[in-house]
Amino acid sequence: MSGPQAPTAVAENTPRRRRVTVRGVVQGVGFRPYLYGLATELALAGHVTNTPEGVVAEVEGSASAVARFCDLIAAQAPPLARVESVHHREMPAVGGTAFTIRTSRTGGPARTLVSPDSATCADCLAELTAPADRRHRHPFVNCTHCGPRFTIVTGVPYDRANTTMAGFAMCPDCAREYADPADRRFHAQPVACPACGPRLRLVLAQEARLGDVERADPVTESRALLEQGAILAVKGLGGYHLACDASNQEAVALLRRRKARGDKPFAVMARTADDVRHLVRLSPAERTLLEGRARPVVLMRRRPHPSYAPGDLRPAEAVAPGSPDLGVMLPYTPVHHLLLGLPGDPDGPGLLVMTSGNLSGEPIVTDDDEALERLAHLADAWLTHDRPIHVPCDDSVVRVCDGEPLVLRRSRGYAPLPVSLPLPVRPALAVGGDLKNAFCLGAGRQAWLSAHIGDMDDVGTQRVFERAVEQLESITGVRPESLVSDRHPGYGSVGWADRNAAHRPVVRVQHHHAHIAAAMAEHGLDGTRQVIGVAFDGTGHGDDGAVWGGEFLLADYDRFTRFGHLAYVPLPGGDAAVRRPYRMALAHLRAAGIDWAGDLACTTACPPDELHVLERQLERGLNCVPTSSMGRLFDAVSSLAGVCHRAGYEAQAAVELEGAALHAPADDTTAYDFALHASQETRDGAVRADPAPVLAAIVRDLRAGVEPALVAARFHRCVTGLVHRMCARARERHGLDTVALTGGVFANTLLSSACAATLREDGFTVLRHHLVPPNDGGLALGQLMVAARATPLPTD
């Protein structure tokens, strides 16, 4: 028996060596120390290093130990790591007894991924609060499991020299931790302490041009300023916030006026999720989002009549006037924890407004000198520091719908993680839309969505866009061979693509087709079968020159057919109708043949002179582009029902209409009904959904004394019914049973949930967004996929 076993024993004892390449988010997350520890535990020799293509290790030892090393790489990876692939190949054994971490290699194409910024971990927070720890109250405590990543990266591989920490020399204590394999700061690139920086600085408005004034404790003075009602500009990970005491009505109102915020809700920051339980309906899924590493702003339903116990936080009315939701985030940097107060600190503001440091519509401020200038009329003081921000990155915004995350703004904590693609794409840059812009780089089977950029009608935002493109190209190694844009000729993103094409082709993609393609892509559909795409939003350039937005498309990545849409109505004055929903209500009433009677709220909301001009404008068709927008219909109904007549921020009328519907009696099941006109009756061959019967029924209800909440709920039910009827008709005619719900209107969770439930009850498969926003923040992903099919990869 010993004879046959001998070759196996010899093979096992023969040293084996493998070269292992690990790709994904594997730099800046403690991956080399992790592999060092794993190799040491398995008694393997060799080395590991960072390279532009990922983490590369060579390991040598027994065959079983080498195999075990390869098996465990992904299974036990560090918390912030995301292993995309592990490739290994055999190499000749060279001998050796030690395993080392080598200096990073440079050169070659970048194929590794950079980690998003991550909230302060429990271990670092414990050090922050421990009086005996050398990092007690240090505003920049971090380790391999937390802290800044994406926003400080200047190049790859991810090493201190390629971050904005390059200018901070490590003190002997930090250097010792950095070199100790047993320490969790082993090769933690942003490692810092009070001895080696960075450092906080508080600048008062009257000192902004007088140079530095040294303060023993900038945080304590900042907390005192907040308690006194001051507005503080606070430098964060990806830009400046404007902060004030959220319980102080005067301070919040002042910030709202200074920022030209209108009625748009502010987000608030609380110490813990339990601190806001009396304010919102906190579900387990929402708690998970609040307390996770990404730490987004989480939109949660407000309790209509919260009961306050002694000591409960009470936000001012000016925080989120008229909103059914409250946006809450928890501290994600040591500075935030210090501002809200550590255990044992004197009482201070327990709830802070935290909003981006800019005027509405402008890009977030990241540069210190620029902050002193651009925020001078907004802030009373600046709590800043000397670690530069390389990449602007606003807070992410997420809500929960039917127990699943619904990302509304994908930025800090998520960017620049890639989205896996169901089909390979040529290297391309999709530039997105104009509102809520985010662009997308793609190559092979990966797509990198940028952090939130903003509205592209601002010149400053376009400059930020350009810098962000350069930065994302540098860390991904993607060199676009083509550009992809919307078909709207007036979009700033379209103009940018044309100016920067540099002889590369620019592919135009229809707006709503891109929305549907984005939903298909994030669900892994390969496009071999069409879906019924329900694309509801406020504005999108239609192929017939109209403003589309209430669309039922039969689509794959190659093409789409317009199966149905809302009936066209005039959009009087373009953006003026968006800002003044009563104009949209009056336009819809006129199209439906309903008089502008004086007992209707939308009529009385319109000033008499404007009413006269609007009537002439609609009669003559002056500056009245036709629109099929569902978003504008929500605006119209909101004003007609007396809920919202003037919009101070995007979608305010629709948001408040959703909020009103939440207060309707649960036993009412009435729904209004659209009229459907068959495709043979319409000029474009599509089924036309006419809202005239809906509007007539609403007017009858209002004159009968029906409350706005009931009108709002019945309208939501009628839109749900329309989606079901149209999808059933499409299935009957074309045999399709998968529905994609997309577009900004489906940020409305009341509508999204009802549509999904009704469709599923009838046997449909329903696709909804979870990874990318349903609004224009996810548009670029769909553009990329459609363009990839327009220029397919060659087949072997």
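Ser-752 touches Cys-401, Leu-741, Phe-746 and Arg-768 once residues up to four places away in sequence are left out; touching, or contact, means heavy atoms within 4.5 Å. The model is a predicted one, so to speak of local features takes a pLDDT of at least 70, side-chain atom pairs count only at pLDDT 80 or more, and totals for chains, interfaces and linings use all residues. Residues are numbered from 1 along each chain as its sequence is written, and side-chain values use heavy atoms, with hydrogens and water left out.

Back to Ser-752, which is found in helix H22. Helices (H or I, at least four residues) and strands (E, at least two) are DSSP runs, numbered from the N terminus. Ser-752 counts as buried because its relative accessibility is 4%; buried is under 20% relative accessible area, exposed over 50%, and partly exposed in between, with a 1.4 Å probe and protein chains only. Thr-742 is ten residues from Ser-752 in sequence, and the two sit 9.3 Å apart in space, C-alpha to C-alpha.

Helix H22 (residues 749-761) also meets helix H21 (residues 708-734): their axes come within 9 Å and cross at roughly 40°. Axes here are lines fitted to C-alpha atoms, for helices over the stretch in contact, and angles run from 0 to 180 degrees between N-to-C directions. H21 and H22 are therefore oblique to each other, where under 35 degrees counts as roughly parallel, over 145 as roughly antiparallel, 65 to 115 as roughly perpendicular and the rest as oblique. On the H21 side the contact is made by His-716, Val-719, Thr-720, Val-723, His-724 and Cys-727, and on the H22 side by Leu-750, Leu-751, Ala-754, Cys-755, Thr-758 and Leu-759.

H21 has another crossing, this time with H19: the axes come within 7 Å and cross at roughly 105°, so H19 and H21 are roughly perpendicular to each other. Here Leu-657, Glu-658, Ala-660 and Ala-661 of H19 meet Ala-709, Ala-712, Ala-713, Phe-715 and His-716 of H21.

Asp-668 lies in the loop that runs from helix H19 (652-661) to strand E26 (675-677). It counts as buried because its relative accessibility is 14%. Leaving aside neighbours within four places in sequence, Asp-668 is in contact with Leu-710, Arg-714 and Arg-717. With Arg-717 there is a side-chain to side-chain polar contact at 2.5 Å. A polar contact is a pair of N or O atoms within 3.5 Å; within protein, one must be able to donate a hydrogen and the other to accept it, and residues adjacent in sequence count only if both atoms are side-chain atoms. A polar atom of the Asp-668 side chain also lies 3.4 Å from the backbone nitrogen of Thr-670.

Now for the sheets. Ten strands form an open sheet with mixed pairing, in the order E7-E14-E8-E9-E13-E10-E12-E11-E15-E16; two strands pair if DSSP finds at least two bridges between them. Strand E7 (200-204) and strand E16 (404-409) are the edge strands, each pairing on one side only. From one strand to the next the twist averages 35°. Strand E15 (residues 397-401) runs antiparallel to E16, joined by five bridges, and Val-400 stands opposite Pro-405 of E16. Helix H6 (residues 218-227) lies across E7, strand E8 (232-235), strand E9 (240-245), strand E13 (351-356) and strand E14 (381-385), at about 40° to E7. Helix H7 (residues 249-258) lies across E9 and E13, running at about 150° to E9.

A second open sheet has four strands in the order E18-E17-E19-E20, again with mixed pairing. E18 and strand E20 (506-509) stand at the edges with a single partner strand each, so one side of each is left without a neighbour in the sheet. Neighbouring strands of this sheet are turned by 60° against each other on average, direction ignored. Strand E17 (residues 418-430) and strand E19 (residues 482-486) pair in the parallel sense over three bridges, with Leu-429 opposite Leu-483 in E19. H11 packs on the sheet, touching E17 and E18, and its direction makes about 150° with that of E18. Helix H12 (residues 492-499) packs there too, touching E17, E19 and E20, at about 155° to E19.

Ser-450 lies in the loop between strand E18 (440-449) and helix H11 (459-476). It is buried, with a relative accessible area of 5%. Beyond neighbours within four places in sequence, Ser-450 is in contact with Arg-410, Ala-415, Ala-438, Phe-439 and Leu-472.
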